[in-house]
2 protein chains.
Amino acid sequence: MPKMLLYFILATVLAQADFGDAVKNNKIYFLRSRGDNGEWCYCSSWQYGVDTNNIIGWKTIPDECELHVGRYMLGARYREDSKVVTKEAYLYAKSYPLLGDGKDVWIFGTDEVALSNLPYYLKHGFGVKPYDSTSFHEWILTENAPALPKSLKLYKRLLSLGFKIIFLSGRREYERSAVENTLKIAGYRTWEQVIFKDPGYYGPARDYKSAERKKLEEAGYRIAGNIGDQWSDLLGTNAGSRTFKLPNPMYYVS
Amino acid sequence: MPKMLLYFILATVLAQADFGDAVKNNKIYFLRSRGDNGEWCYCSSWQYGVDTNNIIGWKTIPDECELHVGRYMLGARYREDSKVVTKEAYLYAKSYPLLGDGKDVWIFGTDEVALSNLPYYLKHGFGVKPYDSTSFHEWILTENAPALPKSLKLYKRLLSLGFKIIFLSGRREYERSAVENTLKIAGYRTWEQVIFKDPGYYGPARDYKSAERKKLEEAGYRIAGNIGDQWSDLLGTNAGSRTFKLPNPMYYVS
């Protein structure tokens, strides 16, 4: 679109704002965007709240956001958002001073990071139903989870740069065989380690992941980057020199 | 909208996805949302990258996102996003066990948190131009910055609950008089402290804010909540029992 046309549209939008009065009265009068119904606004803002770790500890997505989340997950935005994140990760990785001793590692989550459970969530309301460990475990055993395309691309580029890859999974040790098969089928052909949760551990993922990363650093690894879909992957201790947050509006892991 | 209609629309969307094949081939074929042009997608995803601290260290918004950011800042989404954040903050605050000794504090940033510089940024391309300390300082001296409406509402509710308010500003000590006047005019009538940056400090805001919060805790304050617009307000040390991140796609402070 020509720049003049953009400015014309912007001017039209701003003309409605009457910002001069707003300043005089020390108040902001927000515009109502045309074409946004309340539902769209609320679900988009709910998603903002989730993305930014403002809304925490939720068990299901709001009922009224099923359509919104479904459209997001299957649409252009999820792909574009993932692209922005993995592009930043690659730009950072390119400038990272690897020592070349095989100890520079990059951590990937599995679910909604390396792998996508979209085929499962497509049949389970995109997070509108509470987490069902039985049916999710059955889905894992099918070994059908595809790669998140942008993550696979980042993985390949990181390998080319010389990073070792460590998958730090929220799945449990007894799912190792299925998850490792799934990773291979999806295109993740090599790795330094895949780390799984002890089947008896029911504490916060944040503590489990922090403890595992601490063990890695104690073993001499340097965590250059860490990419996850949950804030519990990225906060906590030993998080890595830089962290990257992929979108996931379908479920929350504390 | 009736639920059946929602499902009909979703089914229509999903029919295009041909997800069965996607599963078989272990690939995800994302839909292209109709009506999204590439520019819209990119600026929305750029904003996602900024909101989530994936894109850091930027000096200006992308040229092509001026219209997008302008429309966001003046439109329903900014208002709704701010509402979601301050609502979560209030829900948390209501459940917080105050000790009633006047030491339970809540930290607010000033710019784009308590106060809005939208009247300034409206005339300066919503962040498309590099930060100009001279004209921004002149703007501060006008004392015309309005309150961010949702923040003012949260402030009043927190006072009612018995919290003391501390403003931790990125502005400098020689701007104290103008900023305190602006806060009062905008409706913030009382506070425990307003903390300003030493005019000689040019290090990261994150370190300055961490150090000031540490001093507060050493003085016996308990930081129940901390609301900011920059991740540098919320990461670092002594961040508070919970942190809340308001949107700001106009500028970045490290």
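**Close-up views of a predicted model**

Both faces of strand S1(A) are covered: A:Asp104, A:Trp106 and A:Phe108 on one side, and A:Val105 and A:Ile107 on the other, are all buried. A residue is called buried if 20 or more other C-beta atoms lie within 10 Å of its own, exposed if 12 or fewer, and partly exposed in between, with C-beta atoms placed from the backbone. This is a predicted model, in which local features need pLDDT of at least 70 and side-chain atom pairs count only at pLDDT 80 or more, while totals for chains, interfaces and linings use all residues. Residues are numbered from 1 along each chain as its sequence is written, and chains are lettered from A and ligands numbered from 1 in the order in which they are written.

**View 1. Strand S1 of chain A and its partners.** Strand S1 (residues 104-108) of chain A is mostly covered, with five of its five residues buried. Helices (H or I, at least four residues) and strands (E, at least two) are DSSP runs, numbered from the N terminus. S1(A) runs parallel to strand S4 (residues 222-228) of chain A, and five bridges join them; two strands pair if DSSP finds at least two bridges between them. A:Val105 has A:Ile223 as its bridge partner in S4(A). S1(A) also runs parallel to strand S2 (residues 164-172) of chain A, joined by four bridges, and there the partner of A:Trp106 is A:Ile165.

**View 2. Helices H5 and H8 of chain A.** The axes of helix H5 (residues 76-94) and helix H8 (residues 149-161) of chain A come within 9 Å and cross at roughly 5°. H5(A) is therefore roughly parallel to H8(A); angles under 35 degrees count as roughly parallel, over 145 as roughly antiparallel, 65 to 115 as roughly perpendicular and the rest as oblique. Axes are lines fitted to C-alpha atoms, for helices over the stretch in contact, and angles run from 0 to 180 degrees between N-to-C directions. The residues in contact include A:Ser82, A:Thr86 and A:Tyr90 of H5(A), and A:Lys150, A:Leu154 and A:Leu158 of H8(A). Contact requires C-beta atoms, placed from the backbone, within 7 Å.

**View 3. The sheet of chain B.** In chain B, an open sheet of five strands has the order S3-S2-S1-S4-S5, with parallel pairing. Strand S3 (193-197) and strand S5 (242-245) of chain B stand at the edges with a single partner strand each, so one side of each has no neighbour in the sheet. On average, neighbouring strands of this sheet are turned by 20° against each other, direction ignored. Helix H10 (residues 205-218) of chain B packs on the sheet and touches S1, S2, S3 and strand S4 (222-228) of chain B.

**View 4. Helix H8 of chain B.** B:Lys150, B:Ser151, B:Leu154, B:Tyr155 and B:Leu158 are the buried residues of H8(B). They cover an arc of only 140° around the axis, so they lie on the same side of H8(B); the arc is that of the directions from the helix axis to the C-beta atoms. Their cover includes helix H5 (76-94), S1 and S2 of chain B. Just after H8(B), B:Gly162 takes a positive phi of about 110°.

**View 5. A loop residue with positive phi.** B:Phe126 is not a glycine, yet has a positive phi of about 55°. B:Phe126 is in the loop between helix H6 (118-122) and helix H7 (133-142) of chain B. With 25 other C-beta atoms within 10 Å, B:Phe126 is buried.

Key
Two residues are in contact if their C-beta atoms, placed from the backbone, lie within 7 Å.
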